[in-house]
Amino acid sequence: MLYDVLIIGGGIVGGAIARELSRYELRIALCEKEVEVGFGATKANSGIIHGGHHAAPDTLKGRLEWAGNQLWDELAAELGFGFERIGELTVALYDEQTPVLDRLLHHAAVKGIPGVELWTPERIQQEEPALSHDIIAAVYAPTTGVVNPYEACYALAENAAQNGVDILTGFPVLRLHWNGELWEVMTPGARLASRFVINAAGLYADQVAAMAGVGNFAIHPRKGQEYLLDKRLRGLVKRVIFPCPSPVSKGILIIPTYDGTLMVGPTAEDTTDREDRSTSAEGARTVFDAVRRLAPGINEKDIIAQFAGLRASADGEDFIIGPTARRGFINAAGIQSPGLTAAPAIARMIVEILQAENLPMTLRNDFVGRAPHPVHFAALSTQEQIALTLRHPRYRRIVCRCETVTEGEVIDAIERGASTLDGIKFRTRAGMGRCQGGFCTIRCMELLSRLRRLPMTALTKRGADSWLVCERQEAVNGDERAPGIEVGDA
Amino acid sequence: MITSNPRHLRGSYDVVVVGAGPAGLEAAVAAQDAGADHILVVDRETEAGGILVQCIHSGFGLHRFGQELTGPEYAQRVLTQVVKRNIDVVTDAFVLDVDRERRVKLMTQEEGVSLIDAQAIVLAMGARERTRAAIHIPGTRPAGIFTAGMAQRLVNLYGLLPGRRAVLLGSGDIGLIMARRLTLEGVEVVGVFELMPYANGLNRNIVQCLHDFDIPLHLSTTVVEIHGRDRVEKVTVAPVDANLRPQMERAWDVPCDTLLISIGLIPENELSEQLRLRIDPMTNGPVVTSTMECSRNGVFACGNVVHIHDLVDFVSAEAMLAGRSAGRYVAGAAPPADNVRLLPGENVAYCVPHTISTEREHTIYMRTRRPLEACSLRLTDLGGKVIYEKKLRYVFPAEMVNLKLRPAVLHHFHNGALRVDVAPRADG
């Protein structure tokens with residue numbers, strides 16, 4: 001297959017680039033090594049659309065953070081994923097931290113971010129009574145929002161596919177070769193060719209750059225552990241709460257997720273293992289010790305799930321976006337926080353780079369920017385639920401009782417491309433609630449099995465060797481019955 | 001077995017029972033016997049019977065039916081009572097919400113979402129299993145981690161195995177039963193690891209499910225980390241000290257592809273919370289009176305949704321009481337209010353019901369916090385006077401203690417509160 005642009009990496013950055021480029025008359029492919037898009041850093045992202053005032057204005061991060069922030073309302077409206085500007089507070093606990101608040105106010109002024117202001121302890125207590133009385137001041141930003149990062153990623157990739165992009169999942173890139181005219185992209189199943197290659201490979205972006213012969217940076221995985229809390233704490237904290245940031249991390253936050261449940265984290269642990277997504281007892285301690293200083297009412301007993309993700313931070317801690325010494329090979333690498341926020345702006349920047357690299361870019365007249373919004377039963381009013389279930393019997397069965405997910409939503413997810421249990425979970429929330437899939441896992445497996453025409457034993461949690469169940473022994477070993485038991489004629 | 005009742009549902013019922021497990025079915029029958037005409041039982045599964053349907057082992061019904069039955073047999077017995085009567089049972093349905101006016105938001109296959117008015121509600125949703133997150137086991141999140149009940153469902157209803165080599169965390173009854181079940185299916189059960197210095201399941205299950213199959217039980221030992229990227233590859237286990245803190249220097253790895261978690265049940269309290277019922281933080285279920293009425297009038301609860309039972313026979317007894325109370329409530333014949341509060345004291349985690357009446361006979365269920373031999377159960381008034389004392393040979397947290405209390409016992413006792421202690425005998 002011959003493409004104009006081939007994107008390596010199907011995370012939020014690759015997804016946003018694919019969708020933005022699909023506006024143009026181009027042949028585009030996206031290669032993702034995992035079985036579904038969004039299964040890397042995106043899946044474990046905190047889901048915050050940063051207010052725009054955290055990163056310094058003179059960095060690429062700082063520019064794209066605010067530029068990206070402003071694009072999310074339109075994206076969410078067009079693609080139908082949840083996004084809400086709930087605002088944030090960056091709080092100071094000591095006098096020594098107030099210069100940090102001053103710096104945030106300064107960033108906001110320089111970038112022209114509206115509504116960012118300093119709050120007194122009285123105001124803080126009035127608006128967020130669960131926060132600690134030790135907080136001496138806070139910077140409020142109304143521009144901060146929350147999304148489900150994986151939902152956004154699925155929506156972007158699906159809309160890109162709708163507009164003709166080939167989304168190739170399960171396509172790890174093994175080698176890159178410039179043949180003088182085109183990049184040849186070797187994957188286990190196919191040899192692809194493209195005029196341009198965009199490196200959005202996240203944790204593996206340095207290795208992909210090295211394949212292209214421009215391996216002049218390194219990715220340093222930085223682990224972040226997150227802890228999701230029971231929904232009984234819903235509403236305890238209404239805005240995203242940041243401590244004063246340190247040079248390497250924004251610190252440990254309290255995040256009211258888009259779905260309303262609280263999440264706390266992440267830690268910031270440098271690691272060398274790009275696949276190590278384990279949580280640890282020390283991590284939990286670090287998170288909850290930090291969170292208790294911000295909101296004393298939050299503790300470990302409300303944990304319903306814990307997970308870890310890896311940030312793809314690069315040397316110098318800034319984004320690495322732009323053309324390279326190798327013609328047609330463009331980096332979108334080192335995308336750590338605020339990468340989710342910046343993703344739509346990164347995509348636009350890639351368009352400009354391609355134009356500057358003389359790729360003819362003609363807007364298509366058949367681009368469909370609006371995607372059908374997935375049904376989200378739990379978010380509907382009673383009258384809407386009555387109307388929906390009257391029209392469509394597929395929404396008449398509850399599959400996940402904790403998050404009130406219907407069978408129809410799971411079927412929709414499978415029809416949209418979910419091929420694994422995690423693919424269903426991250427599209428529908430089935431299995432994300434307090435019972436953690438105790439009830440719905442088997443039901444989701446049955447639906448996957450039926451719709452994909454696969455035996456239950458062929459299903460996986462997230463591809464590769466993550467098999468879920470196996471056959472009974474006798475079916476595997478043939479007719480090995482216990483000795484001494486006579487088997488009569490039928 | 002009953003699946004769904006195809007008839008058109010009424011717009012209002014005397015009693016709506018949420019859950020068609022043993023608790024819900026027994027309550028429905030009792031409600032009708034007590035005078036309620038129109039009763040609806042709702043269940044989310046395609047078959048009535050609740051969790052008993054997947055409990056194919058025997059050991060149920062000795063108290064209720066005087067003989068040992070399997071789970072499905074027990075369910076069938078109870079269901080037969082329901083079928084004989086004019087009670088609507090709708091399965092493959094779901095109660096989405098119940099508001100304060102007892103308006104039930106119901107989802108059914110026939111009609112989708114509809115609203116139904118109920119004079120009384122009986123909550124009988126049962127329990128859910130505690131997960132790895134409830135005890136914060138760190139490590140990776142691979143495939144191959146199952147709650148014991150989910151594994152039971154896979155094996156008994158789907159004919160599939162959760163894996164080939166399993167480690168069991170926790171010695172709850174479902175876990176013990178599954179250790180035996182999986183062994184019979186050819187799965188290698190490497191061992192059972194229990195945090196506490198004593199087993200959490202009934203003694204008969206320790207003997208019949210572990211000892212008889214040479215499955216080692218490691219007490220005071222727990223799983224401290226899960227390993228494996230895609231599928232479970234091994235777990236790290238460690239002994240714990242007297243304060244239940246893992247001793248990491250004595251930890252070791254156990255290769256396995258499956259981790260079964262059997263660390264207890266939690267009442268399924270979604271609806272209880274939506275109704276803003278008072279919840280007992282020890283049971284995680286609603287606070288109930290001696291008629292099994294919750295903190296909202298006309299809302300009753302029974303079975304594992306109130307507190308976790310070890311025998312279904314006691315669920316049946318409690319459910320009959322709840323159903324009878326709901327029926328009487330509808331008929332306007334509710335008994336006078338309770339006049340005594342029960343306060344869990346020494347070595348008592350909780351008592352159900354939370355209040356009683358000096359006018360009626362009661363069965364009080366309670367759980368102790370730690371094992372004790374040759375002890376006594378005492379009811380003491382707030383002045384320190386012992387009102388009632390009963391000698392017990394032994395108590396065990398895994399075995400619910402029940403106390404039948406006749407009104408005569410409390411004859412001289414007046415309104416107030418009674419402390420319940422299970423303590424060493426005063427006479428030594």
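**Exercise 1.** Determine whether H1(A) passes H9(A) in a left-handed or right-handed crossing, and classify how the two helices are oriented to each other.

*Solution.* In this predicted model, helix H1 covers residues 12-21 of chain A and helix H9 covers residues 339-356 of chain A. The crossing of H1(A) past H9(A) is right-handed. Their axes lie 8 Å apart and form an angle of about 40°. Angles under 35 degrees would count as roughly parallel, and 65 to 115 as roughly perpendicular; H1(A) and H9(A) are therefore oblique to each other.

**Exercise 2.** State which residues make the contact between H1(A) and H9(A), and sort them by class.

*Solution.* H1(A) contributes A:Ile12, A:Val13, A:Ala16, A:Ile17, A:Glu20 and A:Leu21. By class, the contact of H1(A) with H9(A) has twelve nonpolar, one polar and two charged residues.

**Exercise 3.** Identify where in chain A pLDDT stays under 50.

*Solution.* For chain A, the mean pLDDT is 94, and 96% of the residues reach 70 or more. Over residues 475-490 of chain A, however, pLDDT stays under 50. For that stretch the model has three contacts beyond four places in sequence.

**Exercise 4.** Compare the radius of gyration of chain B with that of a compact globule.

*Solution.* Chain B contains seven helices and 27 strands. Its C-alpha trace spans about 65 × 60 × 40 Å along the principal axes. With 428 residues, a compact globule would have a radius of gyration near 22 Å. Chain B has 22 Å, which agrees.

How values were computed
Residues numbered from 1 in each chain as written. Chains lettered and ligands numbered in written order. Predicted model: local features only at pLDDT ≥ 70, side-chain atom pairs only at ≥ 80, totals over all residues. Axes fitted to C-alpha atoms, helices over the stretch in contact; angles between N-to-C directions. Helix = DSSP H or I, 4+ residues; strand = E, 2+ residues; numbered from the N terminus. Parallel < 35°, antiparallel > 145°, perpendicular 65-115°, else oblique. Left-handed = near helix turned anticlockwise from the far one by under 90°. Contact = placed C-beta atoms within 7 Å. Nonpolar A, V, L, I, M, F, W, Y, C, P; charged D, E, K, R; others polar. pLDDT = per-residue confidence, 0-100. Rg over C-alpha atoms; globule rule 2.2 N^0.38 Å.
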